[in-house]
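The sequence and structure are shown first.

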Amino acid sequence: MPVTPHPEFPAFPIIRKASRRDRLPGLAMRRDRLASLRRMVVESRGEIGRAINTDFGGRPRQETELLEIVPLLNALRNTSRHLRRWMRDERRHVAWPFQPGSAWVRHEPLGVVGIISPWNYPLLLALGPLVDVLAAGNRAMIKPSELTPGFSDLLKRLVSEYFDADVVTVETGGVEVAQAFSALPFDHLIFTGSTAVGRKVMQGAAANLTPVTLELGGKSPAVLAPDYPLDKAARSIVLGKFTNAGQTCIAPDYVLVPEGKAEALAREIIKRVETAFPAGRSKDGYANIITARHRTRLAEAVDEARDGGATILRPSGDYGEKIAPTLVIGAPEDCLLFREEIFGPILPIVAYGSLDDALAFINRRARPLALYAFTDDRDARKSILDGAISGGVTLNGTLLHIAQDDLPFGGVGDSGIGAYHGRDGFRRMSHARAVYKPGFVNAFEHVGPPFGKLADIIIR
Ligand code: NAD
């Protein structure tokens with residue numbers, strides 16, 4: 001196949017040529033690449049943490065460790081352990097007219113996969129997809145976010161040290177580079193970022209018929225059924241919403257509570273926040289908002305809700321430059337807080353009359369990435385699961401479905417296309433190639449036009 005030159009990305013033709021030359025890397029080669037990735041992360045742990053902390057203007061070291069490095073190392077361990085089994089050909093059923101014969105699926109690499117990643121978990125969201133990409137025998141080019149420049153430069157250097165340039169490369173740059181990158185004729189493109197940019201990425205990829213996996217955002221609801229203790233729910237909501245100062249794709253965006261309980265829940269949440277993210281420790285115990293522009297957007301959204309008659313509650317103490325955890329009760333439904341993904345430490349609490357009203361509130365919005373249901377009542381749980389769709393669900397908690405090795409992670413509708421992680425990620429990054437082989441004696445050997453009554457016989 002002729003190699004088209006790509007002046008902006010000289011690495012692309014090199015990497016594509018290598019992927020065409022060595023199309024089917026075996027188990028040992030794949031495990032070796034995963035091991036290099038593991039060494040890269042383990043040996044540079046401290047440096048990675050410091051780069052991310054600087055890019056954020058302050059983010060707790062433990063958040064980077066627990067929410068980026070640990071899940072990445074777990075994914076590497078899980079994938080390396082099960083890869084042999086996932087790679088096996090899969091026998092499939094053969095219908096009687098085609099007997100004797102055998103049918104199977106080969107899971108083959110796609111080729112070169114592009115990965116575009118966001119700033120909010122810069123390590124995990126660049127390298128988590130890479131685990132699945134390499135496990136499935138592909139090569140990759142990564143375009144990390146321009147909003148974490150220190151980390152992105154570090155990643156570029158580390159990848160060039162631990163990987164050959166025809167296996168994985170990193171391309172840094174802003175929106176223009178990202179646009180040109182998404183127009184490369186990759187064999188697959190994984191994009192993690194906002195829904196608005198996801199649309200553009202899919203348009204760019206369409207020109208090459210490049211299939212996409214889109215991991216997008218959205219407004220993930222938490223619903224408290226009437227039976228659930230407020231203090232228990234508050235603990236999980238604080239974890240999900242205020243870790244990384246709410247800049248988490250699956251953070252609960254807003255909470256629905258039975259009428260009359262909004263203030264009591266807010267009090268429980270504030271109590272928890274004061275011990276989990278105390279104001280005095282905010283310098284290194286609570287994450288900053290990524291840029292001044294993002295801070296302004298959040299502040300304006302709160303002001304608009306207040307002007308619309310909402311009550312604003314914050315924990316005591318001074319959070320300095322950072323945006324303090326903020327609860328908003330009674331915000332009008334048409335305000336910015338309900339029109340866009342919040343992506344910051346601001347939590348609207350919405351009172352509902354019946355569970356059906358709560359579900360209707362969710363279903364008036366685009367399909368969310370995550371849904372959190374707090375209840376020990378089986379009927380209520382079923383009503384919530386059946387009544388509102390989402391990419392994934394954690395029951396009686398937040399965030400934890402993303403940490404399950406054997407569950408697909410992805411969105412639905414506006415929150416994304418396709419899922420990855422573990423064996424689902426391996427499959428997503430593979431081509432399921434169908435193979436049929438007739439047996440020695442086979443009816444179809446003697447079949448050819450004119451077909452006569454063949455159709456009648458087979459259909460019967
Ligand atoms: P973003 O969409 O602004 O940017 C993501 C990446 O896309 C960056 O690398 C950027 O350079 C690139 N980009 C920008 N414009 C582009 C264009 N026109 N064409 C191609 N690429 C372009 O997102 P962000 O602000 O970095 O991240 C926050 C968003 O990501 C939130 O909406 C959040 O919910 C979502 N997110 C989703 C997941 C998930 O797994 N589903 C995870 C984290 C974040």
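## Overall fold

The protein chain holds 17 helices and 18 strands. Its radius of gyration is 25 Å, close to the 23 Å that the globule rule gives for 460 residues, so the chain is as compact as a globular protein of that length. The model is a predicted one.

## Domains and their contact

Two domains divide the protein chain: domain 1 covers 10–216 + 415–434, and domain 2 covers 221–403. The centres of domain 1 and domain 2, taken over C-alpha atoms, are 31 Å apart. Domain 1 puts 13 residues into the contact, and domain 2 puts in 18 residues.

On the side of domain 1 that touches domain 2, helix α4 (residues 61–87) gives the most, with three residues. By class, this side of domain 1 consists of six nonpolar, five polar and two charged residues.

## Packing around helix α4

Helix α2 (residues 27–43) packs with α4 at an angle of about 175 degrees, and the two axes lie 10 Å apart. An angle over 145 degrees counts as roughly antiparallel, and α2 and α4 are therefore roughly antiparallel to each other. From α2, the contact takes Leu 27, Arg 30, Arg 31, Leu 34, Leu 37, Arg 38 and Val 41. From α4, the residues are Ile 69, Leu 72, Leu 73, Leu 76, Thr 79, Ser 80, Leu 83, Arg 84 and Met 87. Ten residues of the contact of α2 with α4 are nonpolar, two are polar and four are charged.

Helix α5 (residues 122–135) also packs with α4, here at an angle of about 5 degrees and with the axes 9 Å apart. Angles under 35 degrees count as roughly parallel, and α4 and α5 are therefore roughly parallel to each other. The α4 residues in this contact are Glu 68, Ile 69, Pro 71, Leu 72, Ala 75, Leu 76, Thr 79 and Leu 83. Those of α5 are Leu 123, Leu 124, Leu 127, Gly 128, Val 131 and Ala 135. The contact of α4 with α5 has eleven nonpolar residues, two polar and one charged.

## Shell around the ligand

The ligand is surrounded by 28 residues, of which Pro 118, Ala 178, Gly 193, Gly 217 and Cys 249 are the closest. Helices α7 (175–182) and α8 (195–206) are the elements that give two or more residues to this shell. The largest share, four residues, comes from α7.

Domain 1 and domain 2 each supply at least three residues to the shell around the ligand. Sorted by class, the shell has twelve nonpolar, eleven polar and five charged residues.

## Backbone geometry

Most peptide bonds are trans, and most residues other than glycine have a negative phi. Two places in the chain are listed here for their backbone geometry.

The peptide bond that joins Gln 99 and Pro 100 is cis, with omega about -10 degrees. Pro 100 sits in the loop between β1 (90–92) and β2 (101–109). Leu 209 is not a glycine, yet it has a positive phi of about 55 degrees. The place of Leu 209 is in the loop between α8 and β7 (212–215).

Note on methods: Residues numbered from 1 in each chain as written. Predicted model: local features only at pLDDT ≥ 70, side-chain atom pairs only at ≥ 80, totals over all residues. Domains from an automatic or database assignment. Contact = placed C-beta atoms within 7 Å. Nonpolar A, V, L, I, M, F, W, Y, C, P; charged D, E, K, R; others polar. Near = placed C-beta within 6 Å. Axes fitted to C-alpha atoms, helices over the stretch in contact; angles between N-to-C directions. Parallel < 35°, antiparallel > 145°, perpendicular 65-115°, else oblique. Rg over C-alpha atoms; globule rule 2.2 N^0.38 Å.
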